[in-house]
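Let's take a friendly walk through a protein model together. Have a look at the sequence and the fold below, and then read on.

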Amino acid sequence: MHQLKIAIDSPTQIRPIILQVAVPTPLYNHFDYLPPPGTDINQLRPGIRLRVPFGKSRTEVGILLAVVDQTHVPLEKLKAAQEILDSTPVLPETDLDLLQWASNYYHHPIGQVISTALPPSLNKGQLANMSFLSGWKLTPEGQATQVDELPKNAHRQKAVLNLLQQYPEGLTQAAITTRLSNASSTLRNLEKKGLIVSQAIIYTPSTDDTIHKTSPLALNAAQKQVVTQVSNKLEQFYPCLLDGVTGSGKTEVYLHIIQKVIEQGRQALVLVPEINLTPQTVNRFKQRFTVTIAVWHSKLNNTERLQTWLQARDGLASIIIGTRSAIWTPLAHPGIFIVDEEHDASYKQQDHFRYSARDIAVVRAQRAQVPILLGTATPSLETLYNAQQQRYQHLILPERAGAAVHPTYHIVDMRQQARRESISQALKKAINQRLAAHQQILLFINRRGYAPTLTCYQCGWVAFCAHCDARLTYHETTQELQCHHCGDIRPPDKHCPKCQHPKLYLLGQGTERIEEHLQNEFKEARILRIDSDSTSRKHAMAELLERIHQGEVDILVGTQMLAKGHHFPKVTLVGLINIDGGLYGLDFRAPERMAQLLVQVAGRAGRADDPGQVIIQTYHPDHPLFTHLIRHGYASFADAALKERQQAAFPPYTRLALLRAESLEPQSAMDFLNKAKAQTEPFLCDSVQLWGPVPAPMEKRAKWYRAQLLLQSSQRDNLHRLLSQWLPKLPSSTNEVRWSIDIDPQDLF
Ligand code: ADP
Ligand code: ZN
Ligand code: ZN
C-alpha cells in the first residue's frame with residue numbers, strides 16, 4: 001500500500017495527507033483516500049476530480065472536498081486514489097460551498113448532490129474541455145467597410161459582409177453556408193482582401209442560429225418603475241416577487257434589466273418551467289442580445305450540456321437559460337437570477353435529490369449578493385407570504401402591456417345540460433361564433449388519451465394496471481391501454497375477462513376523445529391536439545406552435561401544457577371542459593394549484609382588439625374557489641388561502657418534511673416507518689409533530705407499496721436538528737425496503 005507522507009510542522013513530525021472525496025453513492029458524506037503515487041501536493045485543490053477505487057472491483061469519479069491529516073479509518077486500510085483527472089478544479093469553491101449547503105439542507109449525500117450538479121460527461125470522468133468550430137469574423141477594416149463600396153456585381157461578398165455585420169462575435173462557417181449556399185470561395189476572397197478573418201467559435205447547441213434582431217420596446221410606466229427599482233440594486237441581494245398578470249410584460253422587464261447586468265460584464269441565469277418554453281424564450285432573448293446565450297435542458301446531449309456548463313462557469317456565456325437543473329450551472333460573474341413562473345411545480349425535483357430550483361436560486365442570489373426576480377401571474381403562497389413579511393419586494397405589473405384587456409368569465413352549470421354531453425350548448429355556441437369570426441379557440445382538458453376507464457356494464461369489471469392501484473387509460477392513436485403512472489402498456493381486452501361479456505365500454509373524456517367529438521361537431525374546423533403524446537418527438541412542439549401562430553389552426557385542444565407561458569394572440573375563447581377533478585383534491589395545495597391553473601389557462605385568451613372570453617364547465621358552479629377567483633381575482637383568493645393555511649398550521653406558516661418508504665411486500669414500508677418513528681424518541685422536542693405513518697393514497701405504484709411519515713414544525717431549525725440527528729440512525733435502503741426524505745415536499749400524496 002502506498003503512503004505518501006510529508007513534513008508539516010517539524011522534520012520529526014510526519015503527518016499523512018488524507019483526501020476527503022465525495023463519491024456518488026447513497027451511503028456516506030464523504031470517503032477518505034490517500035493521494036495517488038507521485039502526486040504533486042499543489043495539485044490537491046478542492047474541486048478537482050479523482051478516479052478512486054470503490055467497493056470490490058469498481059472505480060468511481062469523485063470530487064475532492066478537502067485535504068486533511070486525520071481520518072477515522074485505520075491508516076493501513078486507506079486506499080490510494082488512482083488518478084487525478086483535473087489540473088484545476090472543475091467546480092469553483094463557491095459552488096462547492098453551495099452544494100455542501102444543499103446537501104445539509106436537503107439531508108442528501110454530498111456525492112449524489114454533486115453528481116446531480118455536474119454535467120454527465122464530467123461525472124463519467126471525461127475532460128472538461130470546450131469545443132470550438134471554425135468560423136469567420138469581420139476585421140476592423142471589414143467593420144469599417146460600407147457594403148456599397150464593394151464592386152457593383154459582388155453580390156455574394158455584399159451578402160456575407162451584411163450578414164457578418166449583424167454578428168460582431170462572428171458566425172460559424174456552417175451558419176454562413178446555411179444562409180448563403182456556396183459561400184466558401186466568397187469567404188476566401190474576402191479574407192484575401194483583409195475584410196474577414198477565420199475565427200474559432202465556441203460550440204453551443206444553437207451556434208448556427210441566425211436570428212433577426214429587434215430593438216427594446218418602450219416600457220410602460222409600471223414596467224419602467226420595476227426596471228429602475230431593480231437596476232438600482234444590482235450590487236446587493238434584492239429578492240423580488242414580480243407579480244404581473246399574463247401578458248403584462250414581465251419578460252420585457254427581464255430583458256431590460258439583463259441589459260444592465262450585461263453592461264456591467266456580469267451574467268444572468270434565467271429559469272423557465274418547461275422544456276417546451278426554452279426555444280420560445282431563447283429566441284426572444286436572441287432577438288434582443290448579441291452576447292452568447294447558453295441553453296440547458298433535458299433534451300440536450302452530453303456534449304451540448306458540457307459546453308453550456310463550461311461557458312457559464314468560465315464567463316463566456318452572458319445569459320444562461322434553462323429548466324430546473326440549470327440552477328446548478330456555475331457562474332463566473334453572477335449578476336442576476338430570474339425564475340419565470342415561479343409557482344410552477346416543475347421547479348421541485350420529485351425523485352432522488354428532491355431540491356427546489358426556485359429556493360436554491362434565492363440562496364444563490366443571497367450568497368452572490370445580487371437581485372433575484374420571481375416572476376408570475378399567480379404567485380405561490382410561499383412567495384406571497386415572503387412578500388407580505390417584507391422579506392421580498394412585491395413589484396406589481398397590474399395591466400396587460402399594450403392595449404389588451406382582461407378576459408371575462410362565464411360559468412356553465414353542467415347539471416342543467418339536457419344530455420350528459422362533454423361540450424355544453426353555451427360553449428358550442430361560443431365556438432361557432434369565434435369560428436365564424438376566424439378567431440382561434442383553446443379548449444383545456446386535464447387528461448390525455450381517449451378515455452380513462454374501460455369497463456363492463458354486466459359485472460362492473462374495470463381495467464386496472466397490474467402494477468399500480470390505478471385505472472388504465474385507453475389511447476385511440478395507438479389502440480392500447482396505458483398506465484399513466486408506471487408507463488405499462490397492453491392491448492385492450494376484447495371481452496370482459498371476468499364474466500366473458502362480449503361488450504366493453506369506454507367511460508370519460510380524454511384529449512383524443514374530445515378531439516374526435518369536435519371534429520364530428522365542427523366539420524369544417526381545423527383542430528389540433530397538444531398533449532405529451534402529440535409533442536413527444538423532438539421539435540414537435542415548435543412545429544405545432546408555428547402552425548398555431550400562422551393561423552393554420554381553428555381549435556386547439558390540450559392539457560396543461562398549453563397553460564404554461566405560451567402566447568396565442570389569435571385565441572379569443574378559452575373553454576375549460578372538465579376541471580372538477582381538481583376541486584376536491586386531497587392535498588392541502590390542491591386549491592392553490594387549481595386556482596393557478598385556472599388563471600393561467602384563462603390568461604391565454606384575448607388580444608388588443610378582442611377581449612377574451614373564458615367558459616368554465618362544471619358540476620359545482622357554486623364552489624367557493626370559482627366564485628372567489630372570478631369575483632375578486634387571484635390576489636384575493638390567495639389572501640384567503642393563506643389565512644386557511646395559518647389556521648391549519650400548514651406551510652408557509654410551518655415547515656414540513658416527509659419520510660417516504662416503499663416496499664415490494666405490502667406491509668414492509670409501513671413497518672419500516674413505524675420503527676423509524678419510534679427512533680425519533682431521543683431527539684423529539686415540543687415544536688416538532690409527527691403524523692402517520694399512513695399508506696399513500698395510491699398505495700401501490702410500479703409494483704412498490706408506498707407509505708409516508710410526515711414531520712411538521714413551526715421552527716425550521718428544530719426540525720432540521722432532529723433530521724440530522726435521526727436520519728443517520730436509520731438503516732440503509734435495501735432491495736426490499738427503500739426510503740427517502742423529502743424536505744419542503746410539494747405533494748403530500
Ligand atoms: P409576460 O412575460 O408578462 O407574459 P411579455 O413580456 O411576454 O409578458 O409581454 C406580452 C406581450 O406584450 C408581448 O407580445 C410583448 O411584446 C408585449 N409588450 C410587452 N411590453 C410592452 C410594451 N412596453 N409596449 C408594447 N408591447 C409590450
Ligand atoms: Zn363483465
Ligand atoms: Zn401502472
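In this predicted model, 53 Å separate the centres of domain 1 and domain 4, taken over C-alpha atoms. The protein chain is divided into five parts, listed here with bounds that come from an automatic or database domain assignment.

| Domain | Residues |
|---|---|
| domain 1 | 5-123 |
| domain 2 | 132-202 |
| domain 3 | 221-397 |
| domain 4 | 408-450 + 509-644 |
| domain 5 | 655-743 |

A word on reading the names and values: residues are numbered from 1 along each chain as its sequence is written, while chains are lettered from A and ligands numbered from 1 in the order in which they are written. Local features need pLDDT of at least 70, side-chain atom pairs count only at pLDDT 80 or more, totals for chains, interfaces and linings use all residues, and side-chain values use heavy atoms, with hydrogens and water left out.

Now to strand E28, residues 613-618. Strands (E, at least two residues) and helices (H or I, at least four) are DSSP runs, numbered from the N terminus. Six of the six residues of E28 are buried, where buried means under 20% relative accessible area, exposed over 50% and partly exposed in between (1.4 Å probe, protein chains only). In a regular strand, side chains alternate between the two faces of the sheet. Here Gln613, Ile615 and Gln617 point one way, and Val614, Ile616 and Thr618 the other.

Next comes the zinc ion (ligand 2). Its protein donors are the SG atoms of Cys456, Cys459, Cys496 and Cys499, lying 2.3 to 2.4 Å from the zinc ion. Donors are N, O and S atoms within 2.8 Å of the metal (3.2 Å for Na, K and Ca); water is not among the atoms, so sites may look incomplete. Why is the arrangement tetrahedral? The four donor atoms subtend angles of 103 to 114° around the zinc ion, and four donors count as tetrahedral if all angles lie between 85 and 135 degrees. Cys459 is partly exposed, at 28% relative accessible area, whereas Cys496 is buried, at 0%.

Technical notes:
Four donors count as tetrahedral if all angles lie between 85 and 135 degrees; four count as square planar and six as octahedral if opposite donors are over 155 degrees apart and all others between 65 and 115; anything else is irregular.
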